[in-house]
Amino acid sequence: MADSATETAPEIRPIVPHLKLGETRDQDRLFGSRCSNCNTLYVGPRLFCGKCSGQGPFTEEILSTEGEVWVYSIIHQATPYVKAPYIAAVVDLPEGVSVNTNIVDIEPEPENIKFGMKVRMYTEEVSEDKEGNKYVAYKFCPA
Amino acid sequence: MREVAIVGASMIKFGRYPDRDVAQLAAQAGLEALKDAGAGMKDVEALYSGNLYQTSGSGQRILQQMGQTGIPVVNVANACATGSTAFREAYFAVASGAYDMVIALGSEQMGKQGLLGSRGDPATSLEGRVGSYMMPAVFGMAGMEHMRTHGTSQEQFALASVKNHYHSTANPLAQYQKESPLDEVLNSRVIAYPNTLLMCCPTGDGAAATVICSAEKARQFTTQPIKVAASALTSDPFSDRDLTLPDINTLTRNAADIAYETAGVGPEDLDQVELHDCFATAELLHYENLGLCGDGEAGAHVASGAPWIGNKIPTKYEEDVAPYVDKSYSPKSKAVVNASGGLLSKGHPLGATGVANIAEIVFHLRGQAGDRQVENSKVGLAHVIGLCSACTIHVLQK
Ligand SMILES: [Zn+2]
């Protein structure tokens, strides 16, 4: 007989702590934490401030789904779990923070990507662990 | 603080040693450095051991090979700056007067993992899934940032590989001693644009060691003590983007400021530099970070011939370099950069790298660098950076 006390139903989880899942995938959002002492905005949850050494409190802010490519690289050699080549990029969001991401839906060639290019976030399920939990990741595509 | 000198230096040839363990590699470097110093384990009062991949106790295991005299051992880990941080701790131990003679040793056995690998559980970690934090991606993007800001081209970055691979042909201690003309560098497969395979350092096994003592004691051992004129270590200051794109520039600039001020020299006084060219893009960025040229001038600097051995482009590469020569550019520093062949040729066994860079400068300042000797070198700088982030700079003087 299964030990029902330790059994939990599989969940859908964000793959990174700075992604907040909504009811449906189109409601998923990146979020930040703003230091109440020095006003610095961080991506994701935060307990302490690396700028002012404050201990918060931090207020949560939902981040835009649209941003601009700051820099990118085209990765041809990756771990076995990722299909290469792919575009790794740092995307600047209008709130003044930036995120690491992949740019998808364009051929990974330098001539297809421009610095400052407008991109839009979306999310999808990308993996499942052995307990059946599903993981949702965010990506950016040309806006 | 009293004056400190290096009296012994060694580096084993970097490469793959599947039949030896890391303590044996390290012990060989340590014993050779002692022999070079004309000293023995009985003279050594402490060991500072840099190693990144081994669990704690790596330095003690090295002493089981070198001689268990019961001296204190300090094990150091500090990303790619592990070896140079061990050196710095050793330097301060002598400078403070706590010890008269110590060994700083760096070692690593990397197998096939290397910088192209990744950490974390592939099912759930962002790294395994997105791959943005892997070293090649970081240094690819750092190059792209320079491209965005200054218009630097992939070809200009690639010239650093042409130079360093050319230098390596005269370094028997380098893992690879193979030249690569520009088209070969550009046509090798892309790893993380703009870096191709020949613009990435190989990884392997290696060890390097230095024997450090007070300037006063140094006279008992050598007529050619090498003075440690500055030791700087920095971490990243806060910046808005450094949590997404590691900033390899600011902390290097901060370390350079400290090192130049402490040593009382400037970039124009340097005869040579061993800098952290883990990727070709990094080499150009560090020309500017170390003040060898102005901001945005790195592409012109590598093409000017200044950082090449002999301060000029070798005849056989003149044609390769010609399209990138800026005739209006005159180099501020004529420091030869990476006469050893750099990490790009020499290899990058993480914990060993920082001590090896220092040993290389010592060889040159003593005039013992063979065919790659930087002529009449009197002042050298060794720079190492590890991500998340630690930067060391040491200035050495004859
Ligand atoms: Zn704050």
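Chain B as a whole averages a pLDDT of 93, and 94% of the residues score at least 70. For the complex, the predictor gives an ipTM of 0.89 and a pTM of 0.94.

Ground rules, jotted down before going on. This is a predicted model, where local features need pLDDT of at least 70 and side-chain atom pairs count only at pLDDT 80 or more, while totals for chains, interfaces and linings use all residues. Residues are numbered from 1 along each chain as its sequence is written, chains are lettered from A and ligands numbered from 1 in the order in which they are written, and side-chain values use heavy atoms, with hydrogens and water left out.

**Zinc site**

I looked up what holds the zinc ion. Its ligands are the SG atoms of Cys35(A), Cys38(A), Cys49(A) and Cys52(A), at 2.3 to 2.4 Å. Donors here are N, O and S atoms within 2.8 Å of the metal (3.2 Å for Na, K and Ca); water is not among the atoms, so sites may look incomplete. Along the chain the donors follow the spacing C-x2-C-x10-C-x2-C.

I checked the geometry next. The four donor atoms subtend angles of 105 to 114° around the zinc ion, so the arrangement is tetrahedral; four donors get that label if all angles lie between 85 and 135 degrees. The ideal angle for four tetrahedral donors is 109.5 degrees.

Then I asked of Cys35(A): buried or exposed? Cys35(A) is buried, at a relative accessible area of 1%, whereas Cys38(A) is partly exposed at 27%. The cut-offs are under 20% relative accessible area for buried, over 50% for exposed, and partly exposed in between (1.4 Å probe, protein chains only).

**Chain A**

I counted zero helices and ten strands in chain A; helices (H or I, at least four residues) and strands (E, at least two) are DSSP runs, numbered from the N terminus. The C-alpha trace spans about 60 × 40 × 25 Å along its principal axes. Of the 143 residues in chain A, 44% are buried. Among its contacts between residues at least 6 apart in sequence, 48% join residues at least 24 apart.

Seven of its seven residues are buried.

I then went through its neighbours; two strands pair if DSSP finds at least two bridges between them. Strand S6(A), residues 66-75, runs antiparallel to S7(A) over seven bridges, and Glu68(A) has Asp92(A) as its bridge partner. S7(A) also pairs antiparallel with strand S8(A), residues 98-103, over six bridges, with Ala88(A) opposite Asn102(A). The hairpin of S7(A) and S8(A) has five residues between the strands, and Gly96(A) there takes a positive phi near 95°.

**Chain B**

I traced the sheet next. Ten strands form an open sheet with mixed pairing, in the order S3-S2-S4-S7-S1-S8-S12-S11-S9-S10 (chain B). Its edge strands are S3 (73-76) and S10 (336-337) of chain B, each pairing on one side only. Inside the order, S2(B) (residues 47-50) and S4(B) (residues 101-108) pair in the parallel sense over four bridges, and Ser49(B) stands opposite Leu105(B). Helix H3(B), residues 82-95, packs on this sheet, touching strands including S1, S2, S3 and S4 of chain B.

I also opened helix H10(B), residues 280-289, where ten of the ten residues are buried. Among them are Glu283(B), His286(B) and Glu288(B). Just after H10(B), Gly291(B) has a positive phi of about 75°.

Leaving out residues up to four places away in sequence, Lys346(B) touches a set including Met11(B), Phe14(B), Asn171(B) and Glu274(B). Its C-alpha atom is 20 Å from that of Asn78(B), 268 residues apart along the chain.

Methods: Four donors count as tetrahedral if all angles lie between 85 and 135 degrees; four count as square planar and six as octahedral if opposite donors are over 155 degrees apart and all others between 65 and 115; anything else is irregular. pLDDT is the predictor's confidence in each residue, from 0 to 100. Contact means heavy atoms within 4.5 Å. Axes are lines fitted to C-alpha atoms, for helices over the stretch in contact, and angles run from 0 to 180 degrees between N-to-C directions.
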